[in-house]
Amino acid sequence: MNKAELKKFKEILIKQKEETIEKLSQIATKDSDGDYTALHEEYGSADEDNATELSDQLDKNSLINSFVKDLKQYEKALNKIEKGTYGKCDHCSKKIDKKRLEYFPSALYCSECQRKIEKDVI
Ligand SMILES: [Zn+2]
């Protein structure tokens, strides 16, 4: 991959990372350990209000988990750009298909290994 392409992917990744941090900051606060905690919204003190608060909290927690997972992935991909291993599969070191990277710039694995990882084969 040439420098211009790398630069392009780096910019996309930084943008995606910033967008994710922005989305996170709307639903969570970050503590000094870097952990995100869902913002608590008070709906009221009735049982149904508490139930709404609880389900709201659970929704936020699952969103936070997926955003944090995304963030880690962007950071790993950005790290790979720094190390010069971007575009190579973390598992088998084969080149990741460029179309896959265009569609999914934070891909760490080739589609073959990704499939295996999702199936828990490796
Ligand atoms: Zn692979």
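In this predicted model, 9 residue pairs are in polar contact between domain 1 and domain 2, both members of each pair having a pLDDT of 80 or more. On the side of domain 1 that touches domain 2, helix 1 (3-27) and helix 2 (47-83) each supply at least two residues. Helix 1 gives the largest share of that side, with 6 residues. Sorted by class, the side of domain 1 that touches domain 2 holds 6 nonpolar, 3 polar and 4 charged residues.

The two domains themselves come from the domain assignment of the chain, which places domain 1 at 3-86 and domain 2 at 87-122. Their contact draws 13 residues from domain 1 and 12 residues from domain 2. The size of an interface is often given as the accessible area lost when the parts come together. Here domain 1 and domain 2 bury about 1,100 Å² between them, and 55% of this area lies on carbon and sulfur atoms. Within domain 1, the residues that lose the most area to domain 2 are Gln 73, Lys 80 and Tyr 86, which together account for 45% of what that side buries.

Charged pairs also take part in this interface. Side chains of opposite charge can pair when their charged atoms come close. The structure holds 9 salt bridges, and 3 salt bridges are found across the interface of domain 1 and domain 2. Lys 98 forms a salt bridge with Glu 5, with 2.8 Å between the closest N and O atoms. Glu 102 forms a salt bridge with Lys 8, where the closest N and O atoms are 3.5 Å apart. This second pair links distant parts of the chain, as Glu 102 belongs to helix 3 and Lys 8 to helix 1, 94 residues apart. Glu 102 counts as partly exposed because its relative accessibility is 45%, and Lys 8 is likewise partly exposed, with a relative accessible area of 35%.

Lys 15 is exposed, with a relative accessible area of 51%, whereas Glu 19, at 39% relative accessibility, is partly exposed.

Lys 60 is found in helix 2 and forms a salt bridge with Asp 56, the closest N and O atoms being 3.4 Å apart. As Lys 60 and Asp 56 are 4 residues apart in helix 2, they too are separated by about one helical turn. Both Lys 60 and Asp 56 are buried. Salt bridges with shared partners connect Glu 41, Asp 56 and Lys 60 in one network. Lys 60 has a relative accessibility of 8%, and therefore counts as buried. Apart from its neighbours within four places in sequence, Lys 60 is in contact with Ile 27, Ala 38, Leu 39 and Glu 41.

Back in helix 1, which includes Gln 16, the accessibility of Gln 16 is 23% in relative terms, so this residue counts as partly exposed. Neighbours within four places in sequence aside, Gln 16 is in contact with Tyr 74 and Pro 105. Between Gln 16 and Ser 93 there are 77 residues of sequence separation and 25 Å in space, C-alpha to C-alpha.

Two residues stand out for their backbone angles. Most residues other than glycine have a negative phi, and most peptide bonds are trans. Ser 93 is not a glycine, yet has a positive phi of about 65°. Ser 93 is found in the loop between helix 2 and helix 3 (98-103). Asp 120 also has a positive phi, near 65°, in a residue other than glycine. Asp 120 is placed in the segment after helix 4 (111-118), and is exposed, with 67% relative accessible area.

Methods:
Residues numbered from 1 in each chain as written. Predicted model: local features only at pLDDT ≥ 70, side-chain atom pairs only at ≥ 80, totals over all residues. Heavy atoms only, no water. Domains from an automatic or database assignment. Contact = heavy atoms within 4.5 Å. Buried area = accessible area lost by both parts, 1.4 Å probe. Salt bridge = Lys/Arg side-chain N within 4 Å of Asp/Glu carboxyl O. Polar contact = N/O pair within 3.5 Å; in protein donor to acceptor, adjacent residues only side chain to side chain. Nonpolar A, V, L, I, M, F, W, Y, C, P; charged D, E, K, R; others polar. Buried < 20%, exposed > 50% of the residue type's maximum accessible area, 1.4 Å probe, protein only.
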